[in-house]
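Q: Please take a close look at one part of this model: the packing and the contacts around it. Keep it brisk.

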Amino acid sequence: MNGTARLVAAIAWPAFLVAGLIEVAVFAFVDPAELHAVGGGPFPLSRHAVYTLAFLLFWALAALGGFLTLTLARPSFEI
């Protein structure tokens, strides 16, 4: 496994696990069917679509945090 693939794996896998934990924590208290759109009407997406989009958002945010952590932990001459 080369350096780039190792870096991607070091960021993506923990971010995936964290996103799963956040998903469980959030949707233990929030029912997607009871969400309302900005205008006050019903949310236009299905329950599964909300779960999917929320998971992808959580995964992206956790991956961003991991990427920033690994980037800032590197010595300045490697950047």
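A: Buried means under 20% relative accessible area, exposed means over 50%, and partly exposed lies in between (1.4 Å probe, protein chains only). This is a predicted model: local features need pLDDT of at least 70, side-chain atom pairs count only at pLDDT 80 or more, and totals for chains, interfaces and linings use all residues. Residues are numbered from 1 along each chain as its sequence is written, and side-chain values use heavy atoms, with hydrogens and water left out.

Start with helix α1, residues 3-27. Helices are DSSP runs (H or I, at least four residues), numbered from the N terminus. In α1, the buried residues are I11, A15, A19, E23 and F27. An α-helix has 3.6 residues a turn, so residues three or four places apart point the same way. The cover over the buried residues of α1 includes α2 (contact here means heavy atoms within 4.5 Å).

Now the partner. Helix α2 covers residues 47-73. Its buried residues are V50, A54, F55, F58 and A63. These pack against α1.

The expected span of a helix is 1.5 Å times one less than its number of residues. For α1, 25 residues should span 36 Å, and the end C-alpha atoms are 36 Å apart, which agrees. For α2, 27 residues should span 39 Å; the end C-alpha atoms are 39 Å apart, which again agrees.

Next, the rings. Rings of Phe, Tyr and Trp (its six-membered ring) pair if their centres lie within 6.5 Å; planes under 30 degrees apart count as stacked, over 60 as edge-to-face and the rest as tilted. F16 is partly exposed, with a relative accessible area of 32%. F55, at 18%, counts as buried.

F27 and Y51 form another edge-to-face pair, 4.8 Å centre to centre, with 90 degrees between the planes. F27 belongs to helix α1 and Y51 to helix α2, so the pair links parts 24 residues apart in sequence. F27 is buried, at 16% relative accessible area. Y51 is partly exposed, at 27%. W13, F16, F55 and W59 form one aromatic cluster.

On to charges. Side chains of opposite charge can pair when their charged atoms come close. The structure holds 1 salt bridge (a side-chain nitrogen of Lys or Arg within 4 Å of a carboxyl oxygen of Asp or Glu). In it, the side chains of D31 and R47 meet at 3.2 Å, N to O. D31 lies in the loop between α1 and α2, and R47 in helix α2, so the bridge ties together parts 16 residues apart in sequence. D31 is partly exposed, at 28% relative accessibility. R47 is also partly exposed, with a relative accessible area of 39%.

T52 is in helix α2 and partly exposed, at 44% relative accessible area. E23 is one of the buried residues of α1. V18 lies in helix α1 and is partly exposed, at 38%. V18 and P32 are 14 residues apart in sequence and 20 Å apart in space, C-alpha to C-alpha.

Last, the surface of α2. L57, L61, L64, F67, L68 and L72 form a nonpolar patch with about 620 Å² of accessible area together. Patches are made of residues with over 30% relative accessible area and no salt bridge; like charges are joined within 9 Å, nonpolar side chains (Val, Leu, Ile, Met, Phe, Trp, Tyr) within 5 Å. Areas come from the Shrake-Rupley method with a 1.4 Å probe; for residues, only the protein chains shown count as cover. L72 is found in helix α2 and is exposed, with a relative accessible area of 72%.

How values were computed
Helices (H or I, at least four residues) and strands (E, at least two) are DSSP runs, numbered from the N terminus.
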